[in-house]
Amino acid sequence: MNEQKDEKWLDELISRSIDTSEPKFDAEQWKQKYPGEFQALVERGARRPRAARFGVLSIVIRSRIAQVAAAAVFIIAVGLFIAHLDLGGQQQGEPEQLAKSPAEMVTSASLRTAYNRGGMDALEEQCDRAARMLGQGLLSMKDVVEESNG
Amino acid sequence: MSVLRNNRIRMVLCALLLTLGVAVPVLAYPPDPDNAALLYYQAFLSCPKVDEPLDTQLRDFADGKIALNKGIEDYVESCHSAIKLAIAASELRECDWGLRYSEGFSMILSHLAQIRTLGRILIADARVMASRGEYAEALARCVTVLKIARHVGDKTLISTLVGWAVEGTTYRCIQDLLGQMPGDRQGGKGHLKALERLRADLAALSKRPLSLKNSLQIEREVVLEQIQMEKVPDLLKDLDPNKSPEESMKLIMDYGGEAFLEQCRDHYSKFMASVMSIIESDASYAEAHQRLAEAFEQPGKDQKNKKNEAMFTAAIAPAIGKIYGNMIRATTHTNVVRAAVELYIAKGKTGRLPETLPAGLPKDLFSGEDFEYKKTETGFMLKCRGKDLDKDEIHQYEFKVPK
């Protein structure tokens, strides 16, 4: 009981210190306080014709072709969104590989990290990945054949 | 003419002519490189570019997973310049890759990526030759790759590991070739001689194996050089890229600056000394494995016990238990192939496999004993007697014998 009494006393003290009542919007008071803003709102409402507000929507609703086109746009948008999500997933899966240059992949620190993470298999995999990125040679077989044929 | 009769004058003239004879060809053109790495780097550049799916096919063919096809054969043929350079390089004694050890963990080891590719091309070449029945040449090509693995070197831990990996691929190829190669009694010409040659080559190579101790010693020197006030920010950045140099330096200064780094170097040195003493000891594989695991855990425990000087050791200490396991596995693989070659030679001489394993053959390092030998329907099996504690398995190696 004493605790409840204490809380009531505390609540009253807080209420007196800060205004805890629910805020109420007084339109008339606001109109008088901000006449410029009120006028701008009134003019904007008057300038926008009804047809313009619902024009595109009403065309879509009435026209069969537009309905099909709108559906196609919606499907493509959803498709692109899903494709984007997939791509994001792949990037998240191998951030290290995408971020690293071949030189960074073959530093002592990087190769040690690979070994500590996955043993010999991971070390070999990192070496092979770096080798693929570094590339070999300057000419492909096709280049050699084309060059030798003049 | 009386002058020519004087012996002293004759000797001087002869010496002069000899000097001229030796000196003239030397002056004719500069000598070929005596550093194998220079030839390997040229070999890397001489390999024609390989695209998919051929790249994957080449890897699988070198690993013995797929059969030879025209694309692989043509590609290997197009690498003949690189192969020639690699063979010449493998015969040289010196191989200095020009690594910048002063860079510490930032040191670039790009040759390790390339050497694996070159090794794979040579192994593929060996398999192509075997497909034509040129087994002696194919085995010689495998020996070349083993020599290249030695050149990869034991000057860093990572290069030692890559060297073992290259050896592993090569021994698997040798296993396959031995299983296909008909003995002289089965129509193979000069194959017994090729086996004896292989035995001599493998014995010579086993006298200078890749040394884990050597790589650990160099690792220690490189790391001690890095735990210096001027290099610590870079070192910590390598270890934790999220930490700025300012943060790192503040941490070091809070702990006592240079005096603290001295304690860190001492802690790391003692750790490496204890690890090397275990590796060099006569302890069995199981015992060394246990002791190395304990040694590896110690820096972490020291750190928990507020020994801040253990911070670098805990962060930098190599995964020594795992590396030791790789060494035992690689050496055991070498030994099992050497033991198998003896059995193939015995078969070549007598026409049949021995009933028991001959004495004095290289051993299974997991147990320190001879391999367990068993004849099978297709050839024979050599099995380890001790368990690989990292992989939790007992390795066994199957060898086929052509009918």
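Which are the buried residues of helix 5, residues 80-90, of chain B?

First, the ground rules. This is a predicted model, so local features need pLDDT of at least 70 and side-chain atom pairs count only at pLDDT 80 or more, while totals for chains, interfaces and linings use all residues. Residues are numbered from 1 along each chain as its sequence is written, and chains are lettered from A, with ligands numbered from 1, in the order in which they are written.

Okay, the two chains. Chain A has nine helices and zero strands. Chain B has 16 helices and three strands. When I say helix or strand, I'm talking about DSSP runs numbered from the N terminus: H or I with at least four residues for helices, E with at least two for strands. The C-alpha trace of chain B spans about 80 × 80 × 50 Å along its principal axes.

How much is buried? For chain A, it's 13% of the 150 residues. For chain B, it's 38% of the 403 residues. A residue is buried if 20 or more other C-beta atoms lie within 10 Å of its own, exposed if 12 or fewer, and partly exposed in between, with C-beta atoms placed from the backbone.

Now back to helix 5 of chain B. Its buried residues are A82(B), I83(B), L85(B), A86(B), A89(B) and S90(B). Looking down the axis of helix 5 of chain B, those buried residues fall within an arc of 165°, so they line one face of the helix. That arc is the one made by the directions from the helix axis to the C-beta atoms. And what covers them? The cover includes helix 2 (36-46), helix 6 (110-131) and helix 7 (135-152) of chain B.

Let's zoom in on A82(B), which sits in helix 5 of chain B. A82(B) counts as buried because it has 24 C-beta neighbours inside 10 Å. Leaving out residues up to four places away in sequence, A82(B) touches A43(B), S46(B), C47(B), L118(B) and I121(B). By contact I mean two C-beta atoms, placed from the backbone, that lie within 7 Å. For a bit of scale, the C-alpha atoms of A82(B) and G360(B) are 39 Å apart, and 278 residues separate them along the chain.

Have a look at A43(B) too. Ignoring neighbours within four places in sequence, A43(B) is in contact with A82(B), L85(B), A86(B), A89(B) and L118(B).

A43(B) turns up again in the largest nonpolar core, which has 112 residues; A43(B), A86(B), L161(B) and A340(B) have the most contacts inside it. The largest share of this core, 13 residues, comes from helix 16 (residues 320-350) of chain B. A nonpolar core here is a set of buried Ala, Val, Leu, Ile, Met, Phe, Trp, Tyr and Cys residues joined through C-beta atoms within 7 Å.

Helix 16 of chain B also pairs up with helix 14 (residues 285-304) of chain B: their axes come within 8 Å and cross at roughly 155°. That makes helix 14 of chain B roughly antiparallel to helix 16 of chain B. The axes are lines fitted to C-alpha atoms, for helices over the stretch in contact, and the angles run from 0 to 180 degrees between N-to-C directions. Under 35 degrees counts as roughly parallel, over 145 as roughly antiparallel, 65 to 115 as roughly perpendicular, and the rest as oblique.

Which residues meet there? From helix 14 of chain B it's Y285(B), A288(B), H289(B), L292(B), A293(B) and F296(B), and from helix 16 of chain B it's I320(B), G321(B), Y324(B) and I328(B). They divide into eight nonpolar, two polar and no charged. Those classes go like this: Ala, Val, Leu, Ile, Met, Phe, Trp, Tyr, Cys and Pro are nonpolar, Asp, Glu, Lys and Arg are charged, and the others, Gly among them, are polar.

Next, where the chains touch. The contact takes 29 residues from chain B and 26 residues from chain A. On the chain B side, helix 6 of chain B gives the most, with six residues. By class, that side has 17 nonpolar, eight polar and four charged residues.

The peptide bond from E52(B) to P53(B) is cis, with omega near 5°. P53(B) is in the loop between helix 2 and helix 3 (54-62) of chain B. K306(B) isn't a glycine, yet its phi is positive, near 65°. K306(B) counts as exposed because it has 7 C-beta neighbours inside 10 Å.
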